[in-house]
Amino acid sequence: MATRERSGSSQVGASTFDVRNPATGAVVGTYPIHTAAEVDEAVAHAHQGAVWWEALGFRERARRLNAWRAEIAWGREELAQLMRQEMGKPISDAKLEIAMALEHLAWAAANAEQVLGRRSVAPSLLTLNQACAVEYRPFGVVGVIGPWNYPVFTPLGSISFALAAGNAVVFKPSEFTPGVGKWLVAAFARAVPEQPVLQAITGFGETGAALCRADIGKIGFTGSAATGKKVMAACAENLTPVLMELGGKDALIVDADADVDAAADAAVWGGMSNAGQTCLGVERVYVHTDVYEEFLIELRALAMRLRAGTGAAKIGPVTMPKQLDIIRGHMKDALSRGGRAVLGGLDSIDGHFVQPTILVDVPEDSAAVTEETFGPTLTVTRVRDMDEALERVNASTYGLGGTVFSRRNGRAIADRIRAGGVSVNAFVAHATIPSLPLGGVGGSGFGRVHGPEGLKEFAYAKSTTQQRFPSPLALTTFTRTETVDRIVDLLVSVLHGRKARR
Ligand code: NDP
C-alpha cells in the first residue's frame, strides 16, 4: 500500500515521516516533521534573507532568479524522476510541467520591475501641486503551502512571483512531495548561496498550520477548499492576508459548430491526464445535441487507447489512497441514479490505478457532477443549446476555469462562464500563458498567481506624494479662508454637479 506514514507511525511524537511511491509502495524518502519552533526559526532566518534580497533591487534579483531557472532546467531529468517517484505522473508529463513552470519564472523575473517599480501618477485638479508616485513593496517573508498534484508548477506559481517581488519565502510542500520541494530549494541555494531567501519546511498539516501562525506577511495557499478554510482561520489570528488557489469542477462545452475531433482530444487530455488529478482538469462535458453522438464516439475511441499503469502507460497511479474512495463513491452514486458507464466504471478501479471512465446520463445533482472527483473520469451530458450548457456550468459552486469549443461563438460563450479563466478551442491554455493571471471565484478561491496580478499579489501598494509648491487653494489647514471654501464649492458644482442626460 502506498500510504504515507510517520516513521514508527504508532509512536507518539515521531520526528520523521516516510514518502512512498504510489505505484509500488516503496519508500522513496524520509523527511523531518518540523515543529512549530522549527518553523519559527526558519521564518526568523528568512527575515534576514528578506532584507538582503529586497536590497538587491529588481535587476539583481532577476539575474539570480534566472540562474535558479537554469539550475532547474539543467536538473530537469532528475527533478522529473523525483516527481514520478513521489506522486506517480509519467516522466514526459513531469517534464512538461517543469517547462511550464520555467516559463512563468522567466516572466516574473523579467517583468517585476515594470509591474511593481515606482511610477508617477497624475494628481487631481484640486491637488495639482503634488508629485505623486506609487510602488509595490514586498511583504518581507511569504509562506507558500503547496499541493502534490503539480508539485513544481503550482508552488512555483506563488514562489517565483513572491521572490521576484522581493520577498523571502518559506515553502511547505505537500507531505506527498517533500522531496520535490527540497530539490527546488537546493537548486535555489546553488544559484543564490548567500542568504536563506528560499527555505523548505516539511511535515503534515500541523507544520503548515504553524507556518500560518508564524511571523509572515502573507500566505500563498494552493490546495483543497476544506484546508483553505483552516488556513484562513489560522491566518485570521494575526490578520495575515491569504491567497487562495482552491479546487474546481471545470467543464468543457462543445457547441454545434465545434471541431468535434479537437474537442474530444481536449476532453480526454483535460479529464484523464495526470490521472485526472488537476485543479483545472475537465470533469464535466456539456455537448450540443446536434453533435452529441459524434462527440461521444470520438471521445470513447480516444479514451480507450489510454491505460493507467506503470512503465510507458500515459496515466499513472492515483496519488492519495483516500482519493480512491472518493472516485469510487462518485461512480457508485452516479450509476445507482441512472448514470451509465460507456467506458470504465467501478471495475476500472484496481489497486492504485483507475482506468479511464466516461459516464453519461448522470443526474446534475449527483456528486460526480457537483464535487471534485480528482480521478480519470468524465461526465458527458447532452444539452439542447448553449443557454442550457451555461446554466449547468454556472450552477457549480466552483469557478476556477473552463473550456469552450465553437468555431463562431467561442468568445461569446466564454464571456458568460463564471470562472477565473476560460480557454476557447484549446484546453487550459490560459494557465500556461505567463502574462495571464490565474485564479478562481467562489469555491475556487480568490487572489491570482501569474501575470501582473500575480506579482502584485505578493506586494503591497505604497503611495508617496511630495508637495511641489504651496497650493493656491490651501485645503487641509485651519487657516483655510472663506474664499477658498467658496472656490471649492464652485468647483464641486462644476466638476461633480452636472446631471447625467437621460
Ligand atoms: P490539501 O488541501 O489537502 O493540502 C494542501 C496543502 O496544505 C498541503 O501542503 C497540506 O499539507 C497543507 N495542509 C494540510 N492541512 C493544513 C493546515 N491545517 N494548515 C496549513 N496547511 C495545511 O490539498 P492537496 O494537497 O490534496 O491538493 C489537491 C487540491 O489542490 C485539489 O482540491 C486541487 O483542486 C487543488 N489545487 C488547486 C490549484 C489551483 O491553482 N487553484 C492547483 C493545484 C491543486 P499535507 O500534504 O502535509 O497535509
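Two strands are taken to pair if DSSP finds at least two bridges between them; strands (E, at least two residues) and helices (H or I, at least four) are DSSP runs numbered from the N terminus. The model is predicted, so local features need pLDDT of at least 70 and side-chain atom pairs count only at pLDDT 80 or more, while totals for chains, interfaces and linings use all residues. Residues are numbered from 1 along each chain as its sequence is written, and side-chain values use heavy atoms, with hydrogens and water left out.

**Sheet S4-S5-S23**

- Strand S5 (residues 130-138) pairs with S23 in the antiparallel sense over 9 bridges, and Ala-131 has Gln-466 of S23 as its bridge partner.
- These strands belong to an open sheet of 3 strands with antiparallel pairing, in the order S4-S5-S23.
- Strand S4 (119-121) and strand S23 (459-467) stand at the edges with a single partner strand each, so one side of each lacks a neighbour in the sheet.

**Helix H7**

- Helix H7 (residues 225-236) has 12 residues, which at 1.5 Å a residue should span 16 Å, and its end C-alpha atoms are 16 Å apart, in agreement; the expected span is 1.5 Å times one less than the number of residues.
- Gly-228, Val-231, Ala-234 and Cys-235 of H7 are buried, meaning under 20% relative accessible area (1.4 Å probe, protein chains only), with exposed meaning over 50%.
- The face turned away from the buried side carries the exposed residues Ala-226, Lys-229 and Lys-230.
- The buried residues of H7 pack against strand S6 (141-145), helix H6 (205-213), strand S9 (218-222) and strand S10 (242-245), where contact means heavy atoms within 4.5 Å.
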